[in-house]
Amino acid sequence: MVLASTSKVVLGCVAFGIFWVLAVFPSVPFMPVGRTAGSLLGAMLMVLFRVITPEDAYAAIDLPIIGLLFGTMVVSIFLERADMFKYLGNLLQWKSRGSKDLLFRVCIVSAIASALFTNDTCCVVLTEFILKVARQNNLPPQPFLLALATSSNIGSAATPIGNPQNLVIAVESGISFGQFLLGVFPAMIVGVLTNAAILLCYFWRYLSVEPTDQQERGAANGPEVVADDEVTSHRFTPARMSHVSSLNPDDFDCVSEPIIRSASVNASVNGDLRSRSINSEADMQFSIKSLRSSSMSHEMVEVSTVPAATLDGASSRKFTRTASQQRSVIIEDAPPSPPDSVAADGEKDKELPEVVEKRWRVLVWKTAVYLITLGMLIALLMGLNMSWTAITAALVLLALDFTDAQACLEKVSYSLLIFFCGMFITVDGFNKTGIPNTMWELVEPYSRIDSAKGVALLGVVILILSNVASNVPTVLLLGTRVAASAAAISPASERKAWLILAYVSTVAGNLTLLGSAANLIVCEQARRAQFFGYNLSFWSHLKFGVPSTIVVTAIGLLIVSSY
């Protein structure tokens, strides 16, 4: 393909350059609008500069990829509500045999979870949990945060739903879920084990410190109080990375702060105040708490009664604090009559059937979520259309929730979907300038995958371009060209080229802190963690990321190219 007209080439480069700057550096001082607005700006400039027509711009948006992204987001939201990620977090500590065992578990669990639930989701949910576990055991946070970030990227390469660039490759190439898994999974497993071995060698001295020495070092730096019950997994909403309510029946003793409201808008303060919980689960928590009050008596550390005068005539209130929930308080009306023991027995007889029924509803709902997700994975392995399979699973989950779907749909990252739409248009416009084809024609004769040198050169090109232009634009720019070059050799070579592109563009995100969104999520989540904050710097990541990425990429290329 020859170059387009000079004006189109220049204007197309300007539009793509603006998109690239805002995508790689979303908070640049002269235009801190973010990645999503940057992609839309690049798309708009491509149309305004007449590099691409409006009709071609609409046609450039790949709706199957958008649908697959939407479906996997909704499924991830329901899995998080069903406490899937909390169970994964508990698995990290189950019968742990020390710091090295914990580091190895972080690598394995985060890799597998990323392959099934995307690397970004895994990093958002597990970062603060892992940080708290490290602080609780007086361990250095850096190796565990690096293990989470790098293993999540490597693990996400194994499946088409592991990360956005794999979604693009799966849709563009037509490779089935099973073929994709068979082609990349062996390289992923070896890569994760290699990455874990490099981590252990790199941090062996820090992980070999005796617990007493670690405690003395922690005491020298200042006391850190970490409650056991505070080590819980954090809730994930793809749009806001905030926390949502859990439906775990095992957590019914946990106490959440209720909202105290008056019965009427115009009522005075001396009216009858009632504790209003945020959702129905708090009612279940209160009921279970009342049934277990005798067994939890040893946890009570403070019980006080507020005099009636302090509430202007309102009835007495009890403020109860437990050791495991020091910041959470239940405010309840003190029972005027009968005595506490009689009231407790009557309340138990009245509320126990309702509580049991609610627990069974939660259990049935969780089971349904897991079964639907398992069905989606089986359908993907059977080779059914990935986009419509994910959308169907999402809609079934929304229907079986028996509630207004607005609350769940609000957690979908529509900004990411819009970013992809703008990026599709921008990259398609840049392709029409002819520059990508011209550059590829210079490299293509030396990067054919029928030779070891060609595979190595192709890997280097993908590795560098993924860190310069980001992995998803790299896949959009190189995908069809690499596949067309390999198709001239054989159909099997074409599939191999797509798999090499998927693996290398994903692992390339481990090279630097800015190479992957998962890295940035771990860094920001760790920095903002309350009471347990840790700053994972660019250079500390680079010192480990460069050798790990080079070794893991080289080993993975040997395995994938031999498939």
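**Helix packing**

Mentor: The crossing of α20 and α21 is right-handed (near helix turned clockwise from the far one by less than a right angle). This is a predicted model, where local features need pLDDT of at least 70, side-chain atom pairs count only at pLDDT 80 or more, and totals for chains, interfaces and linings use all residues. Residues are numbered from 1 along each chain as its sequence is written, and side-chain values use heavy atoms, leaving out hydrogens and water.

Trainee: At what angle do α20 and α21 pack?
Mentor: Helix α20 (residues 471–487) and helix α21 (residues 491–507) pack at about 160°, with axes 8 Å apart. Therefore α20 is roughly antiparallel to α21 (an angle over 145 degrees). Axes are lines fitted to C-alpha atoms over the stretch in contact, with angles from 0 to 180 degrees between N-to-C directions; helices are DSSP runs (H or I) of at least four residues, numbered from the N terminus.

Trainee: Which residues of α20 meet α21?
Mentor: Among them are Val475, Gly479 and Ala483 in α20, with Ala497, Trp498 and Leu501 among those in α21; contact means heavy atoms within 4.5 Å.

Trainee: Changing topic, where does Ser99 lie?
Mentor: Ser99 lies in helix α6 (residues 99–117).

Trainee: Is Ser99 buried or exposed?
Mentor: Ser99 counts as buried because its relative accessibility is 11% (buried means under 20% relative accessible area, with a 1.4 Å probe and protein chains only).

Trainee: What does Ser99 touch?
Mentor: Not counting residues up to four places away in sequence, Ser99 touches Leu139, Phe144 and Leu207.

Terms used: Helices (H or I, at least four residues) and strands (E, at least two) are DSSP runs, numbered from the N terminus. Angles under 35 degrees count as roughly parallel, over 145 as roughly antiparallel, 65 to 115 as roughly perpendicular and the rest as oblique. Buried means under 20% relative accessible area, exposed over 50%, partly exposed in between (1.4 Å probe, protein chains only).
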